[in-house]
Amino acid sequence: MTDTLLTVHGLNTGYGAVQVLFDVAFGVRAGTVTTLVGANGAGKSTIMKTLAGLVAPRAGSLLYDGREIVGLASHERVDAGLCLIPEGRLVFPGMTVEQNLRLGAVSPKARSGHEEMLAEVYRRFPRLQERRRQLAGLMSGGEQQMLALGRGLMARPRLILMDEPTLGLAPVMVKQVFEIIRELRDAGFTILLAEQNARVALELADHAYLLENGRVGLSGTGQDLLEAPEVRRAYLGM
Amino acid sequence: MDTLLSGQLLFAALVSGSLYALIALGLNLVYGTLRLLNIAHGDLVMIGAYTAFWLFTLLSIPPVVSFFVAAALCALLGWAVYEGMFRRLLANPGLAKRVEANSLILFYGISVILQNLTALAFTSSSRGYQYLDTVITWQGVSMTGNRLLSLGVAGGICIAALLFLRFHLFGWELRAVIQRREAAQIVGVNLNRVQPIIICAGFAIAGIAGVLVSMTEQITPFMGFPFTIIAFVVIIIGGLGNIGAGVLAGLSLGLIETYGVALTSPGYRSILIYGLFVAVLLIRPEGIFTKAVRS
């Protein structure tokens, strides 16, 4: 239990009259990649948004680092080390790459020492350094994904929430994104990954949960889920 | 032809253009960050004008001091409106979506209340005062001191605001909120800090503009509405929420209005302004100065 960074318990969330999540419970252990797989509309993004504080839960508890974060505003969660790389990347289109990155470090804790962090992000993503003066809105989807990731890292997070990081990317880029996720785990980051690309995501996962219609259907190691018949049939096309 | 090329006309165009840019700047900041359509924006100009008028006539306090008083007064009003109404509405994602459309009606109510309270307190007769109205002639251009002051203050604030947005981290936070509100929250921008600061700043700018207007125009409780309209025309021409383009559009509108009237007659003033407005909406509804960027 001591090394569990995030514990979600009894989470119910919805929009208006529609309930999306029903008693969702899962945990994320420090230093691992945990994957949420599931069809479109299963509630993966809603979990991510709830964790980031963009959607308020109706019931349930979110224990992050032993502390209840349900009442915290988004910026307070960023300051606590929780960082969302959103679906659709959501970079600031009218600002340069470097401005986007520096904005990643607006939270008070990240602000000191953001110069070293910027250098580290540039080392990790040389492409961003080449394009540092370009408007983010003029970059390709893959480059924007790198930027969104770099911007997230600028906040010096402990837990990185990645929502559909490969959506709409070319196969080469997809491979590269998974490579980066692996590198980040090896560098000591904890990652919660929501991904439609079930096979690769499960191969990478230390632990995985299958979401079906807003409920956790199955859980186990990535390998367990890869071998589970319902996953093979519904998500891997076998 | 001689009048068209004269420095005199250019000066007049710059004075009104910079004023339009300033008034629209306040409206654009509030719309961009809070998505509130402040139809009472012109009435804040009116409050600024009355502040300058009363301070000058009763206490002989010159407008250069009234700037600060009017700015503080309008900022206080902005703070009251935010704390009293919008903070709770904007904090709830479900309600926040409806606030944008309903803010128009809410602010219309505020506008009517402000106008009528002012009429009740000060009657609706028009007022004015004389300040720095001696004519200075420089290079063949005759200028009154108050118009020169107006150009300097309005231009100065617009330039300062643009530099702030470009170079200061808080300015970047602001642009982040304007471009992608949700993403700004994700990176850790504190909306509970940005939003009240901006509504106060936007209101204060309108108050300052009011002091400028009061030096050269008649002051009545109902003087604000034309400024609201001008400000909306400007920010739609520039692109809603696009601060830099809004300033440029304000300046352009001043030039087009002044030169257009000089070429035709004052009777065409409204036709020019609304004609431009409609033309922009038909041809480039996203605003003339908006850059195309992929989202």
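How many bridges join β7(A) to strand β8 (residues 190-194) of chain A, and do the two run parallel or antiparallel? Hello everyone, let's start there: 5 bridges join them, and the strands run parallel. Strands count as paired if DSSP finds at least two bridges between them. Helices (H or I, at least four residues) and strands (E, at least two) are DSSP runs, numbered from the N terminus.

A quick word on the ground rules. This is a predicted model, where local features need pLDDT of at least 70 and side-chain atom pairs count only at pLDDT 80 or more, while totals for chains, interfaces and linings use all residues. Residues are numbered from 1 along each chain as its sequence is written, and chains are lettered from A and ligands numbered from 1 in the order in which they are written.

Beyond its neighbours within four places in sequence, A:Leu161 is in contact with residues including A:Met48, A:Leu51, A:Cys83 and A:Leu192. A contact means C-beta atoms, placed from the backbone, within 7 Å.

Now the domains of chain A. The assignment gives domain 1 (1-72 + 158-164 + 187-238) and domain 2 (82-157); the bounds come from an automatic or database domain assignment. Their C-alpha centres lie 24 Å apart, and the contact takes 12 residues from domain 1 and 8 residues from domain 2. On the domain 1 side, α1 (44-52) and β7 (159-163) of chain A give two or more residues each, and β7(A) gives the most, with 5 residues. That side divides into 8 nonpolar, 1 polar and 3 charged residues. Here Ala, Val, Leu, Ile, Met, Phe, Trp, Tyr, Cys and Pro count as nonpolar, Asp, Glu, Lys and Arg as charged, and the others, Gly among them, as polar.

A:Leu161 turns up again in the largest nonpolar core, which has 163 residues; A:Leu161, B:Ile23, B:Cys74 and B:Ile208 have the most contacts inside it. Such a core is a set of buried Ala, Val, Leu, Ile, Met, Phe, Trp, Tyr and Cys residues joined through C-beta atoms within 7 Å. Helix α2 (residues 7-34) of chain B gives the most to this core, with 15 residues.

Where the chains meet, 25 residues of chain A are in contact with 20 residues of chain B. On the chain A side, the largest share, 4 residues, comes from α2(A).

Finally, chain B: 12 helices and 2 strands, with 46% of its 295 residues buried. Its C-alpha atoms fill a box of roughly 55 × 45 × 35 Å along the principal axes.

Technical notes. Buried ≥ 20, exposed ≤ 12 C-beta atoms within 10 Å, placed from the backbone. Contact = placed C-beta atoms within 7 Å.
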